[in-house]
Amino acid sequence: MGFFTTITFMDIIDILIVSYVIYKLIMIIRGTRAVQLLQGIVVVIVAWALSILLGLNTLQWMMEQAFNYGLLAVIIIFQPELRRALEQLGRGKIFTRTVSQEEKEVNDRISEVIKSINYLSKRKIGALIVFEKETGLNEYIESGIQLKSKISAELLINIFTPNTPLHDGAVVIKNGEIRAAGCYLPLSENPFISKELGTRHRAAIGMSEVSDALCIVVSEETGAISMAMNGQVVRDVKDESLISKIFEELKPNVKNKDKTSFWKRRGNQNG
């Protein structure tokens, strides 16, 4: 109890600031090679602590020498990350990387998808893109070629370009990355589907019947864009509706809002 009674309000502020700075530094180095180096430093610290507890004098001396000269090595090794952090601090962004930045990253990824779909549509190149939501699609991801790639319009266009190895099949997007291409999807057996719709549309509808995935199809006959969800398909989706629906379904802050409004507005256009 004595310890807690000595903590002042300024101590709490101090702890909160340090915690926030550490959190921001972790966010900056996340996904970089600095993570592995940081893990190595943690191992050295653990070894140093154990050497003291167990009385291993030689190991303790080695660890202390590592600490004495390690600071310079850390500065050299982490130079790119330190420079990036200082640049962000100079721009005032290190303390403002919040949900809005995460939303921007999501928006950038969706924009890349829209860009690729419009390109494919104008040139009547067939495509089928599936966005995983709550229902896991690992079964279908494993049927294709694993990619785990950053979403880019260029990559999606290249995948669906005719006569390339991965053009025949679906691309599955999961957790903001292209997880696989050339995936096989279940075909819908709905007898009321229009005969005008080909295999891609049937696969999209079939996927939406067995999961909550959002599926986008580009017709290679007409270049028209369709979307399938909850076993329903909306055909000939215009650009603004496409953007609106993808944002509505995939943006984190509006993910669960008014999910059915678009479909109610457009109605069931099966067939």
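Which backbone nitrogen does the side chain of S219 reach at 3.2 Å?

1. Basis. This is a predicted model, in which local features need pLDDT of at least 70 and side-chain atom pairs count only at pLDDT 80 or more, while totals for chains, interfaces and linings use all residues. Residues are numbered from 1 along each chain as its sequence is written, and side-chain values use heavy atoms, with hydrogens and water left out.

2. S219 and its polar contacts. The side chain of S219 reaches the backbone nitrogen of T222 at 3.2 Å. A polar atom of that side chain also lies 3.1 Å from the backbone nitrogen of E221. A polar contact is a pair of N or O atoms within 3.5 Å; within protein, one must be able to donate a hydrogen and the other to accept it, and residues adjacent in sequence count only if both atoms are side-chain atoms.

3. Setting of S219. S219 sits in the loop between strand 5 (214-218) and strand 6 (225-229). Helices (H or I, at least four residues) and strands (E, at least two) are DSSP runs, numbered from the N terminus. The relative accessibility of S219 is 8%, so S219 counts as buried. Buried means under 20% relative accessible area, exposed over 50%, and partly exposed in between (1.4 Å probe, protein chains only). Apart from neighbours within four places in sequence, S219 is in contact (heavy atoms within 4.5 Å) with K124, G126, H201 and A224.

4. K124. This contact of S219 lies in the loop between helix 6 (99-122) and strand 1. K124 is partly exposed, with a relative accessible area of 45%. Its phi is positive, about 55°, although K124 is not a glycine.

5. N175 is in the loop between strand 3 and strand 4 (177-183), and its relative accessibility of 68% makes it exposed.

6. Helix 9. H201, another contact of S219, is one of the buried residues of helix 9, which also include R200, A203 and I205. Cover for the buried residues of helix 9 includes strand 1 (127-131), helix 7 (138-141), strand 5, strand 6 and strand 7 (232-234). Helix 9 (residues 199-210) has 12 residues and should span 16 Å at 1.5 Å a residue; its end C-alpha atoms are 17 Å apart, which agrees. The expected span is 1.5 Å times one less than the number of residues.

7. Strand 1. Five of the five residues of strand 1 are buried, so the strand is largely enclosed by the rest of the structure. A127, I129 and F131 are on one side, and L128 and V130 on the other. In a regular strand the side chains alternate between the two faces of the sheet.

8. Partners of strand 1. Strand 1 pairs with strand 5 in the antiparallel sense over five bridges, and L128 stands opposite V217 of strand 5. Strand 1 and strand 3 (residues 170-174) run parallel and are joined by three bridges; here I129 stands opposite V171. Two strands pair if DSSP finds at least two bridges between them.

9. The chain as a whole. The chain has 11 helices and seven strands. Of its 271 residues, 37% are buried. Among contacts between residues at least 6 apart in sequence, 59% join residues at least 24 apart.
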